[in-house]
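Subject: Structure handover

Hi,

Here is the structure for you to look over. My notes follow below it.

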Amino acid sequence: MNNKKFYGLTALFNTPNEIIKAAKKLSSEGYTKFDVHTPYPLHGMDDAMRLKPSKLGYITLFFGLSGAALALLFMYWTMSIDYPMVIGGKPFFALPAFIPIAFEVTVLLATLSTVIGMLTFFFNFPNNNHPLIGTDYLRSVSVDKFGIAIESDDEKFNNTAVRAMFGSLGAVKVEEIYYPDTETFPLFQKKFIFLLLTFAVITSGTTYFVLNKLMFMQPFSWMMLQDKLIPQEKSEFFADGFGMRVPVEGTIARGHKPYEFKGEVNPSSFLINPIVPSKESMMLGKKKFLTFCSPCHGNFADGDSRLRGQFPNPPTLHTKRVRDMVDGQIFHIITNGQNIMASYASQTSVEERWAIVNYVRALERAKNATQSDLDEIKKESAANGK
Amino acid sequence: MASKVLEYQKKSLPQSMNKLGWILLVVGAIAGAAAFYLDTTRALYNYLIVYMFIMSIAVGSLFLIALEYVAGADWSVPLRRLVEFFAALIPVMFILVIPLLLNIHTLFHWSHAEAVSTDAILQGKSAYLNSTFFIIRVFGILIVWTLFYLLFTRNSMKQDITKDQKLTKHNILFSAIFIPVFAITITISSIDWMMSLEPHWFSTIFGVYYFSGTFLAALAALTLAVIFLNEKGVFGKLLIPDHLYSLGALQFVFINFWGYIAFSQYLLIWYADLPEETVWFLHRWEGGWVIVSILLIFVHFVVPYAVLLSQPAKMDPKRLKFASIWILFAHLLDLYWLIMPNMSSGKEGSVPFGWIELVFPVALVGLIIVVFTMRAKNKNIIPIGDPKIERGLDFHL
Amino acid sequence: MNIDYTIEAPVVEGRLTIGEIEQLVAAPMETKPDKKFYIALSISGSFLLFGAVLLALSFYKGIGLWGNNQPVGWGFPIVNFVFWVGIGHAGTLISAVLFLLRQKWRTGIARFAEAMTIFAVICAGIFPIIHTGRPWLAGYLFPYTSQHGLWVNFSSPLVWDVFAVSTYLTVSFVFWYIGLIPDFAVMRDRTSTKIKKTIYSTFSLGWRHSHRNWQHYEKAYMLLAGFATPLVLSVHTIVSFDFAVSILPGWHSTIFPPYFVAGAIFSGFAMVVTVLVFVRKIFDLEHIITLNHLEKMNKVILATGMMVGYAYGMEFFIAWYSGVEVEQFVFVNRAFGPFAWAYWIMVSCNVLIPQLFWFKKIRRSVPVMLIIVIFVNVGMWFERFVITVTSLHRDFLPSSWGYFTPTIYDIGILLGSFGLFFTLVILFTKALPVVSISEVKAVAEGAQPSHGGTH
């Protein structure tokens, strides 16, 4: 006998009926650390071994439900909060359209968790070092025999008694199983360190190549690289090396009238509001105001920027200083810019700028209404019969 | 191995069942007649719901029989007789259909010549949707169903005595023929009786949708009958939990199937958003109908799904009984949801619900019980002559 | 032939013992491949190479080489994609649905069908990736925090496809692998060469045939089957949504989901029969993959063929019934327009020819069934062709009507996908047990304890 650690006793049987009988006997005698090994699952063995129903379903249920919830939450967040987009005239949270993906994610999570949970948590796999692996016992079970194994740490284990019981049950072969010798793996071996280094070099090299070279390769970029000059590109054709040409001195765009007060401080006395407020011009002013001015000045010119502090908040336009400005000065500020406010001359036409001025005036009056204004409104609504 | 068929003893159904059936039927019928007198249109629509429900149970049962033969299933053999008793409703439908046909103009907009003459779409359909062809179809289909019903049951009953295996072979052949016939007839019936209530609307999946409910209802009726009669000891100790498990699992599958078909139909119409299609769902989203529609999702899918999800639940007679009754109710609600919004006399979006809606189902339950018990009288409750009966009784998962 | 209905027909024929079953199944892996194997491999490999070259050219020159153009912008790639996904449905259906239905005959064919599923889905997955002509940008299909701050459109059926097909591939693979674990253990215990032993040991994870494991294993198999069944339906349903959520006449039809699923089962079973007919002959598995198996599959083909026929009929009838002019036009155009030839190929191969399976003699005759199932494969490819092309080639604007002509590149890539599929199948037959050893053992005669003995 050797001094390996004793694992347990195994017995082989020829027929399924015998093994069921044996399992029943063992469980009724109170053995707990025994196991039956069969080439395929046998009907009725669960009862014979007195096994509790598998609890695997709970893992599936938990992860399945989390899959559905996570998928729906994620789609809700991306499609309705982070980047809302109208798609096909549907609401941002278009539940019917989210169900397919929610279902797929449920299935994916549930199945993967079931399998991984079973293999690792329930089976303790991978476990190629189990004492039974590689034994003649398991080889026979693998083909067509039916085996039963009792571990020696079972409280009721007694070598002779178990042997006798196996004999009485009709076992064809009884075998003793020992734990395999545990090999210690030398960590600092030359070979191992060499292997480790090789891996490190290959991994870092590949990573470098992928991140810095491969990611920037254009496999076939014929549409991108055409025989033409891209704006700002260098050109050998011209003596100065610029691909773009400067227009002839004094060229102006068609319809463009240079702003004559550019850079001046307050040329308002030369700028007279040419527009008589009408409904059309007020609506134009409102539209342009909301487009260009409101992002910083706020929808009602209160200085409550809509940019959530990404840009310094400008002052409200309802201060006395602004209200006392003449139209021309506001026009000038829009055209020329002021402090960190840029010029809006290229985005808006002269007419639109005056319309904005009129609209700002209307906003100012509305926000600072006097009693006489209110009376006027009352009078008007009374005249309209409201 | 001892033969389990020998353990079978012929027992009659409990007397109280028949009595209860008659009481429900008579009370329901009288109240129904009163309803007809008071509000013909509304009563008629309710009657149509009940008629479609009976069609579901009757023809669904016939389909169950055929499916068993074709699939070669053995677990369901001991239960087949009950299915045959349910299928006995088919001949009764000849009588039941008459009030509907007499009032065809109240039900169907397309049956009015003057309505068709001003409606280009209805004119296009008039080759199919006209009263004469409609009646021909209705009776033609009923005759075909009755024919198959007689063939199946006659062979099955004869086998009790002769134990002739040839009869099984014949029934398999009839079943194979019946299944495509069933697919076509059930589709036509669903289009005729329900889709054409809203004659402009169309959906290619509608026949499959009705089929999914039909199958589920027939299955639930069978399960209920099995559990009830087993409790009363009619089966003795012949049935084991594995039989129930099979029924429960099938129910679960078809709950999913219904959900799948219903969702497919809804999603495609909702996504494409074509006015000629969405109008049907809009009618079911107006006023109080929105509650019924949402309720339907829960009643027909979510609740039975949750009830039958776990493995033990599919074997537990109590749970299964609850699920079966629930599913039968769900199917009734489904039909109510399909048919009622088309009632033209009602206000837009108002959900008609009152005593009239309650008395018809009472009569329905009564009728089913009465037909079942009358048919089951003096008959073997299991097909003792079937060659597969032994395998069906000695069935283990 | 008279059948005795009182007894169950044995699943494994020839009264094989459990050991003999194992010997039969393991034989191909333990013998050196013969000449026939290399001939078959080189044929399928040449197809694969041909397709790969044409595909490389398509990438290099651009997908203008294909027949896709206005108005038929969706040509062969989507047709092939749907075709292969459809083929990929049979495997999971056999292993999952038939498992839930306790059909014991599935054991003999499940492993092979599952493998075919995985290979078919791989073939299918190629087409959505290549059809843009820039497959290296396919990563954009996955939702990740990109520099654009933008997400994929979760309301788009094309994104549903990405989720459905990748989930399906993963789950099918897991399902397949779970089934293989006990067989890896069997092979581990059979083999004596060191390399093979290491490989088998690694993949068997240390399986010991323990009943304490079997119990959970069976439960897991059941749960997986329960999930795979709706999954398999969902995949082709979602593929059908690609078409049906649009408002194009001929595509927008509510019956599309079940119709596509039935078609997928139909074509998948046809492909499984096509391949199994050869496999059972070549590897002497006629006792395990019996004529009864083939007959049952032919019955399924007949049934699903009629379901497909039902859907064709319903579409036609409702197109007429709907009263929508364009809808009616599309269907008349399908049957009698320029693509009528394709339509009638589809109808005759899918609906008419399978009707021959009503006859038992034909269901059980191997050469005849082989011809029929090949027709079915052709017909199902044409079904997708008809749906895609006929609806597109004549749309609402008559001035833009056109005709679709595939180029050699289209056809070559299609042939290449067949090459890939069969190459994988051929390699599989030699590398892994083509029949589930443990499952077939479990249904052999006398393999289970008798109830009389234990009760």
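Two residues count as in contact if their C-beta atoms, placed from the backbone, lie within 7 Å. Please keep in mind that this is a predicted model.

With that cut-off, take B:Leu222. Setting aside neighbours within four places in sequence, B:Leu222 is in contact with B:Leu64, B:Leu79, B:Leu82, B:Val83, B:Phe86 and B:Leu247. B:Leu222 also belongs to the largest nonpolar core, which has 286 residues. Together with B:Leu62 and B:Phe86, B:Leu222 touches the most other members of that core. Helix α2 of chain B (residues 40-71) gives the core its largest share, 21 residues. In soluble globular proteins, nonpolar side chains tend to be buried together.

Next, the side of chain C that touches chain A. Here 56 residues of chain C are in contact with 61 residues of chain A. On chain C, at least two residues each come from α1 (18-30), α2 (35-61), α6 (157-190), α8 (211-244), α16 (437-443) and α17 (451-454). Which helix supplies the largest share of that side? It is α8(C), with 15 residues. By type, the residues on this side of chain C are 27 nonpolar, 21 polar and eight charged.

Last, the domains of chain A. Chain A is divided into domain 1 (1-183) and domain 2 (268-383). Taken over C-alpha atoms, the centres of domain 1 and domain 2 of chain A are 75 Å apart.

Best wishes

How values were computed. Residues numbered from 1 in each chain as written. Chains lettered and ligands numbered in written order. Predicted model: local features only at pLDDT ≥ 70, side-chain atom pairs only at ≥ 80, totals over all residues. Helix = DSSP H or I, 4+ residues; strand = E, 2+ residues; numbered from the N terminus. Nonpolar A, V, L, I, M, F, W, Y, C, P; charged D, E, K, R; others polar. Domains from an automatic or database assignment. Core = buried A, V, L, I, M, F, W, Y, C linked by C-beta atoms within 7 Å. Buried ≥ 20, exposed ≤ 12 C-beta atoms within 10 Å, placed from the backbone.
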